[in-house]
Amino acid sequence: MSVPGAGSEGASDGVLVMAGVGGGLMDVGVVMAGLGGVSWSGILAGADVHTAGPGAVNVVELAGPVDPQMVLARVRLVAGASGRLLVVVVGELRKDPRKGGLHIGLGAPGQHSAAVRYSGLPWEWLTAELAVRPPGSTTVLLDVATEPGAWDAVRAGGLPEAPGVAVLGRVVRHSRESAWRRLRGGNAPMEPAYLLECIRLWRAGGRMPFAELHQRAAAVSGTTEHEQALFVASSAAAASAAPEPAAEPPNEYRPAAAPLSPNGWEHQPPPDLPAEWQPADQYAQPVPAAYGPPGAEPEPGNGAEPRHRPAPPPPAARGPHTEPAEDPHETIMAAARAGRHEEAETLAVSWEEAAERTEGPGSEGALHWVEVRADLARLAGAPARSCELWLRVARGRLERGESEGALEVEGAVDRAHHQWQCLEEGEAARELAPELVLLRRRVPGRQPGAVRLVEERAERLLGGVEQ
C-alpha cells in the first residue's frame with residue numbers, strides 16, 4: 001500500500017486504486033506509472049460541479065495484492081471518507097466456474113478462473129461496502145479484461161449494481177491463445193486503453209464530470225479487429241448525468257443500465273516491427289516458472305525446470321478440440337527446455353497424427369500441433385524448419401477459409417517471416433523465399449513495410465522477384 005500525496009488522516013475525500021495482476025490479461029503497470037503525476041484533489045473537485053474547491057484526499061494504491069481480506073479492509077478504510085470517493089480498478093474480471101459470481105482478479109501472474117473464489121475479490125464485496133455511502137458520492141472507473149465466461153456474463157446482464165454507486169468503464173474480451181502459448185507465458189497482456197485515456201486527460205489538465213470523462217475515454221478505446229469491448233455505465237451514473245442535459249454524451253456513448261455497443265474505433269499499430277521480428281536471442285528468452293499452464297504448481301527451487309514425466313499417449317479417438325485428462329504440453333515443453341528436442345518433436349508429431357485421425361487432416365486440432373512443432377523447432381535452433389512449419393500453418397488456415405486478416409493467419413505469417421530473417425543468406429533461405437513472398441503479399445499483416453522487407457531480401461537471394 002502507498003499513500004502518495006495523501007492528506008491528513010481525516011481527509012474528506014478518498015481514492016482507491018486497485019491493480020490486480022491475476023492471470024496477466026491486462027497490463028496494469030502502465031496505469032500505475034501514469035497515475036504518479038495525477039492531482040487527485042483537482043480531479044475530484046472538477047468532477048463535482050457542486051464542490052467549491054479542492055480539499056485533502058486520502059489515496060490508497062494496491063498494486064498486485066494477493067489477499068482478498070486485506071483488500072476488503074482497504075476498501076472499508078477509504079469507504080469511510082466523508083466526502084467524494086473514486087475507486088479505480090484495472091486488471092481482470094473473472095467468473096467463478098462453480099458458483100457463477102464475478103471476481104476482480106488479484107494475486108500473482110498465473111492465477112486462473114478455477115481458483116478465483118480463493119484468490120479474487122468478489123464484485124459483491126466491493127459494491128456492498130460502497131453501497132452504504134451517501135448516494136451520488138461514489139464513482140468506480142474500471143478497465144478490465146475478461147475471458148469468455150466472464151465476458152458472456154457481463155455482456156448478457158451487465159455488472160451487478162450497487163444503489164447510489166456510479167460505475168463507468170470498459171470490459172474487453174481477452175482472446176487467450178492455446179494451452180501451448182499459455183505454457184510459454186501466454187500472449188501479450190492487453191493495453192488498458194480506456195484508463196490510459198483518462199490519465200492522459202487528467203495529466204493534460206482536464207477537469208470534468210466522470211460521465212463526460214467516460215464518453216471521451218470510450219471514444220478511443222473501443223472494439224478493434226482483434227478485440228471486443230463493451231462499455232458499462234450504471235443507472236446511478238446515468239442519473240448523476242441527468243441534471244446536466246447539455247453535458248450528456250452522444251447517443252452511442254450515453255450511459256445506460258445495460259452495456260453499450262462497441263464504438264468501432266480501430267487502433268492503429270505502431271510503425272515499428274513486431275517483437276517477434278527482433279533478433280532471435282531476444283525472442284527466445286526463457287519463460288519464468290510462474291507462467292505455467294492453468295492450474296499448474298511451480299516446481300520447487302529458483303527457476304528450476306519442471307520434473308520430467310512421460311506425456312500421456314495420444315488417445316485412439318477423442319472429440320474435436322478436447323484436451324486429454326493430463327495435458328501433454330507441459331511435458332513436451334519440459335523436454336524442449338531440457339534440450340531433449342527430438343523427444344519433444346516425437347511427442348508433438350504423435351499428437352498431430354492423433355488429431356488428423358480423429359478430426360481430419362488440416363483440422364484445427366491438427367494445425368495446433370503443427371504450431372507446437374514450429375515453436376519447438378525455434379527452441380531447437382532450427383529456424384528453417386520453424387519457418388517451413390509456420391508457412392504450413394498459414395496455408396492450412398487459409399485453405400480452411402480463414403481470412404487474410406485473421407489473427408491466427410497473420411501470426412503464422414509473421415512468425416514464418418521472423419524465422420526466415422534469422423537464416424543466413426544460404427540455400428535454406430533461398431528455398432523458402434518464393435512461398436514466403438507469395439504469402440506475405442497475400443497476408444501483409446499490420447506492420448508497415450513487411451511486404452517490402454521480405455521482397456527486398458528475396459530479391460538479393462534470388463536475383464529478382466516475380467511481380
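Good morning. I begin with Phe210, which touches Ile43, Leu44, Ala47, Leu86, Thr139, Leu141, Leu168 and Trp202, leaving aside residues up to four places away in sequence; contact here means heavy atoms within 4.5 Å. The model is a predicted one, in which local features need pLDDT of at least 70 and side-chain atom pairs count only at pLDDT 80 or more, while totals for chains, interfaces and linings use all residues. Residues are numbered from 1 along each chain as its sequence is written, and side-chain values use heavy atoms, with hydrogens and water left out.

Phe210 is among the residues with the most contacts inside the largest nonpolar core, together with Trp40, Leu86, Leu141 and Trp202. That core has 40 residues. A nonpolar core is a set of buried Ala, Val, Leu, Ile, Met, Phe, Trp, Tyr and Cys residues joined through side-chain atoms within 4.5 Å. Buried means under 20% relative accessible area, with exposed over 50% and partly exposed in between (1.4 Å probe, protein chains only). Helix H8 (residues 193–203) supplies the largest share of this core, 6 residues. Apart from it lies another core, of 31 residues, including Val75, Trp151, Val165 and Val232.

Let me place this in the whole chain. The protein chain has 18 helices and 8 strands; these are DSSP runs numbered from the N terminus, helices being H or I with at least four residues and strands E with at least two. Of its 467 residues, 47% count as buried.

I turn now to Asp143, in strand S6 (residues 138–146). Is Asp143 buried or exposed? Asp143 counts as buried because its relative accessibility is 0%. Its side chain is joined to that of Arg170 by a polar contact of 2.9 Å. Such a contact is a pair of N or O atoms within 3.5 Å; within protein, one must be able to donate a hydrogen and the other to accept it, and residues adjacent in sequence count only if both atoms are side-chain atoms. The Asp143 side chain also reaches the backbone nitrogen of Ala193 at 3.5 Å.

Finally, helix H13 (residues 341–359). At 1.5 Å a residue, its 19 residues should span 27 Å, and the end C-alpha atoms are 26 Å apart, which agrees; the expected span is 1.5 Å times one less than the number of residues. Among the buried residues of H13 are Ala344, Ala348, Trp351 and Ala355. The buried residues pack against helices H12 (329–337), H14 (364–379) and H15 (383–399). After H13 comes Gly360, with a positive phi near 105°.
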